[in-house]
Amino acid sequence: MTLRDLYLLSPEMAMAALASLVVLVDLVVPRTRVLATLAGVGLLVPAALSVLLWGEVGGEASGAVTALSGTLVVDEFSLFFKFLVLGIVGLLIPASVDYVGRFLRSPGEFYALVLFSATGMMLLASTTELVSIYISLELTSLPLAVLAAFLRDGRSSEAGLKFLLLSALSSAILLYGMVLVYGVTGSTRLEEIAQEVARVTAGGGPLFQGPVVLVGVALMVAGFGFKVASVPFQMWVPDVYEGAPTPVTAYLSVGSKAAGFAVLLRVFYVALQGEELRADWGGLFAVLSVASMTAGNLMAMLQGNIKRLLAYSTVAHAGYLLVGLAVVAGGGGAGEALLGPSGVLFYLGAYAASNLAAFFAIIVITNQVGSDQISAFAGMARRAPWLAAALALAMVSLIGIPPTAGFMGKLYLFNAAVQNGMAWLALAGVVNSVVSAYYYLRVVRSMYLLPAESDEPVRASAPMVAALAVPVLGVLLLGVLPNLLLEVAQSAVGTIQPPG
Amino acid sequence: MGATIPEAAAWAILFSPLASFLFIALVVRPFLNRRYARLAGYVTVLAVGAALALSLWAAASTLRQGGPVGFAPHRWLTLGELEFRVGVLLDPLTAVMLVVVTGVSLMVQVYSQGYMRGDPGYARYFAFMSLFTASMVGIVLARSILQLYVFWELVGLCSYLLIGFWGDRPAAAAAAKKAFLVTRLGDVGFLLAILYLFSQRAVFLERGLNPLEIPDIHEVAALAKAGAVGGLAITWLALGIFAGAAGKSAQFPLHTWLPDAMEGPTPVSALIHAATMVAAGVFLVARLYPVFEASQDALVVVALVGGFTALFAATMGLVMDDIKRVMAYSTVSQLGYMMLALGIGAPRLAIFHLGMHAFFKALLFLGAGSVNHATGTFDLRSMGGLRRRMPWTYGTFLVAALSLAGVFPLAGFWSKDVILGAAWSSGEPVAPWVFWMVMVTVALTAFYIFRVFFMAFHGASRGSQAEASHGAGGHGGGPHESPAVMVLPMVALAVPAVAAGYVANPLSALGPVGAHWLNEFMASLGGEVAEPDVALAIASQVAALTGIAVAALLYQARARWLAPMGRGLAPLGRLLSRRYYLDELYEGITVGRLFYRGMARFTDWVDREVVDRTVDGIGWLGRNLGRSLLPLQNGQVQVYGVVISFGVLAIVGAYLLLR
């Protein structure tokens, strides 16, 4: 490890150091506000380091720098996700201050675990080698399992345990898939795998190796499918979302999903190229995409609990996002095929903004009324007009109605499908979006049309208002000026082209 | 202002009033409305003033450049091959419109400080006025037709909100709805035209052009005229655009909303329903003029609709007893002039008349508002003898009326006479028809506006109804002159109403100002410009003076020997005052029978039986399909593991079997 490697790794290392620092300070000053301030302000260090790195590889320079003998890469793609994760954590920390102060007993551990998990997510976006991917994935997941159980009541503990067990199962499947791929290709590094796979699938290698690669791919899809909450690996989602502390649910829904898609895009776009292979996994993702959208939306209709509703909603959104991967199966050229990944990046940003806005508003409201049921939101438009407006806007964005970020995200993803000759996939997405309006608007209806149970106003604390304002403005800004993020996303996916 | 205007400053013309709207809507109204509502008025005047200053800068820049100031468009979003772009199109047409819009708007905003004083909706009023000014500037600046359409709809929205400003009056609410719906009817055509352009994008893209960029549309239209482009149904495109323009500019048969729109506050009528928004239709046709030039048929339609509307609306203006309604018909009629000028191939004259009309018509409305402020009524029958009590209003109204009547040498004379000249000398087959329509209209115009003039300001006072209308009158001591804040804008508008016509288009050089400079400036609009014809000018003066003389005889001298003739014309008068029964036709037969009982019943059925059932069906399907999946979600982690494992097996199996 050279000094240069240290520099390239510095955002992650700063993140881990910050997490450790939070634990240490917790020993001396175990006060929520102090620790949250430390964690929040401390994020500026990894953020600043990431900006420095962007200066090196981003924009005109637009290159990729590898570190640690090629196991990690710093490029626009990985930095895009680092900024996304930093942004999510940066909003989550102020938004969770009240919740942590009221319900959780050890704030130091809470923030430290959030930061450790974020370290894993940032690493995941950079890894280009199977073993590092696995380790980063575990670094992401284990703190999340603990966080899910953080309320220490029955439901929360159950959520944590379920997450841990099923995460282990999916990790095992993922590892198995990696082993098969390694066995055929003889390498764990994505670029070398890409060359070998191309050779094997082109018929250069022994015949039996083709199916083995396919099985390996299938198993890896299952492992990553767990992370991004795609059908049929979504079973854990509703129980864990419902049981976990609400800020953790918010974190899971956007952070974990973003990191999952980062690694999914990188592995499939870099390592598993080749005409036929691409058609294979593209087709698989198309099927999973439609299944996830449909199942997620249908199940969400039945929910009376807002956290479970958003859990199924996140499954549906995994389905929309998978459209961006499925389009490679279409007949488009290289330029059209890249519309998919750039759409995914944009959508992840839009989804993070919409979902965080929704969850933050929900945290405030449910804390006050003491219930997660949608019926408890009745008349919220009168009790908390601004919060209700923010939540309604988030719901509108999740449906995908202009002028919101969610609309633009869907527009780009579905457009990518159309451009690649997969109009049926776009149609499935549009139909599903229409169906989803049914349950998102139920929340809005409850807030605006039903009478309130009491007249007591619901108020948000100052840090919460600040944390809520950012995603709300983001939803509107990206809805009106999508190019702000889209151009970055388009530039970022340029670096995950397959070699050659 | 020596330098050419930078793009940011051009955008600021739009954003300045927009910021004023946001500030009033988000700060003044929620927090300061009780004590500092006046702030809203000051902010608006400041913002519109800044916009006017910048507009003058923009105009000076284009004038110096002698053509468009080129600003590159900005990419807004990209879908496939097609880029949606936004940008500023700053050419001579834009420059003239900018100065007219922001100039009149500033005067109206200042005037409103006095007129709206004490109204409970004071801040709301200025919020809407700011938004309107911003939207109107947005239309004028737009480089992409989509961008233009957004602002086009926004001015429609503002118009709706401001007509219905006193929404607690049923008439105002109904008028707002009517204005919205009737203009929307025309907008359907405009939208179809845009969609048609979009569907024909291949024609554009293969030439490296963009179907939504106005300069590119010009280029393709020019090619189509030369026969170089096939497959573009340019006549339908032009007619679609014209439908939108006719709705906005209240051209026959979509004119019925404008007289009703007079329910809004009078400054609103002056700005939106006389000077600017209604002229947006004329602007739109001028903006896309190459499309019209490419289709002779479309031009004939524009000319005939314009000429007919001019005459038709003027006849209704003859008999109205509401001062604002007379002027509303007058506006419709004058817009007809502009349309017909476009139709006979003289877009420059149309824009010239648009500018002149904006000044004198806004002034007439402000005068009417001033009279209303003093007397509390708009009914001419209860006015009279205001000349001595309101000298300033009287003087400025007289100037504007003479200008509207087209009396030499006021502004209206110059802009109207060139249109007459163009119709006379144009070789178009329709030109003689529209020429005579306009010639008759000249006499009618002079008559109706001087009828108003004599009824309101001369003769004996017929007692004002101080109780009517909003907070005006009632100060005791009878009607009196309006406050300075209202009089000053009127005086300021009277200056261009007198002089702008000659200064803008002098026959010979006027010191530093070159002969016909405005015509030269707008040369890029195309079309020919005729020299004024002395014989024609004399003819039009005779017509105008005849109209004035008849009005004076009837309403000033009250000549008794005319009474039998009046009785003879009574049936005609009734036809006119019932507005040719067109409103009855529209509302009673078309809307009532055809629409409510026919189409509405059908769509209601479709909504209930098809749409609702589908929605219910999806909900039912969702609930039941979802329920069937529910048992799997039983909370048992073992079951979850099994589902995952079967999922993996299914994927692997599918791969191995299907490959």
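Residues are numbered from 1 along each chain as its sequence is written, and chains are lettered from A and ligands numbered from 1 in the order in which they are written. In this predicted model local features need pLDDT of at least 70 and side-chain atom pairs count only at pLDDT 80 or more, whereas totals for chains, interfaces and linings use all residues.

In chain B, helix 5 (residues 145-163) packs with helix 6 (residues 170-199) at an angle of about 170 degrees, their axes being 8 Å apart; helices are DSSP runs (H or I, at least four residues), numbered from the N terminus, and axes are lines fitted to C-alpha atoms over the stretch in contact, with angles running from 0 to 180 degrees between N-to-C directions. Helix 5 and helix 6 of chain B are therefore roughly antiparallel, a term for angles over 145 degrees.

Between the chains, 31 residues of chain A are in contact with 28 residues of chain B, contact requiring C-beta atoms, placed from the backbone, within 7 Å. Helix 9 of chain A contributes the most to the side of chain A that touches chain B, with seven residues.

Of the 222 residues in the largest nonpolar core, B:Val282, B:Val285 and B:Ala362 touch the most other members; such a core is a set of buried Ala, Val, Leu, Ile, Met, Phe, Trp, Tyr and Cys residues joined through C-beta atoms within 7 Å, and buried residues have 20 or more other C-beta atoms within 10 Å of their own. Helix 20 (residues 431-457) of chain B gives the most to this core, with 19 residues.

Key
Helix = DSSP H or I, 4+ residues; strand = E, 2+ residues; numbered from the N terminus. Parallel < 35°, antiparallel > 145°, perpendicular 65-115°, else oblique. Contact = placed C-beta atoms within 7 Å. Buried ≥ 20, exposed ≤ 12 C-beta atoms within 10 Å, placed from the backbone.
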